[in-house]
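Please look over the sequence and the model shown here before reading the notes below.

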Amino acid sequence: MGRNNERNIKAHNDKLHKAQDKAKAKKVAREEKLKAIAKQFSANKKTP
């Protein structure tokens, strides 16, 4: 069964885009977490 018909192409693209969206969300979450850690670290540095 190849991807030569519309239904199979759509299924493949949906699966691909879902994986890409998941990877992008993971990257954004990691950046936000790192930003929060950096902000907390900076706040702790200034306090003493």
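The report below covers the basis of the model, its fold, its surface and some side-chain contacts.

## Basis

This is a predicted model, in which local features need pLDDT of at least 70, side-chain atom pairs count only at pLDDT 80 or more, and totals for chains, interfaces and linings use all residues. Residues are numbered from 1 along each chain as its sequence is written, and side-chain values use heavy atoms, with hydrogens and water left out.

## Fold

The protein has one helix and zero strands; helices (H or I, at least four residues) and strands (E, at least two) are DSSP runs, numbered from the N terminus. Between the end C-alpha atoms of H1 the distance is 59 Å, which agrees with the 60 Å that its 41 residues should span at 1.5 Å a residue. The expected span is 1.5 Å times one less than the number of residues.

## Surface

Of the 48 residues in the protein, 2% are buried (under 20% relative accessible area; exposed is over 50%, partly exposed in between, with a 1.4 Å probe and protein chains only). The accessible surface is about 5100 Å², and carbon and sulfur atoms hold 57% of that area (Shrake-Rupley method, 1.4 Å probe).

## Side-chain contacts

The count of salt bridges is one (a side-chain nitrogen of Lys or Arg within 4 Å of a carboxyl oxygen of Asp or Glu). It joins aspartate 14 to lysine 10, at 2.8 Å from N to O. Both residues lie in helix H1 (residues 6-46), four residues apart, about one turn of the helix. Aspartate 14 is partly exposed, at 41% relative accessible area.
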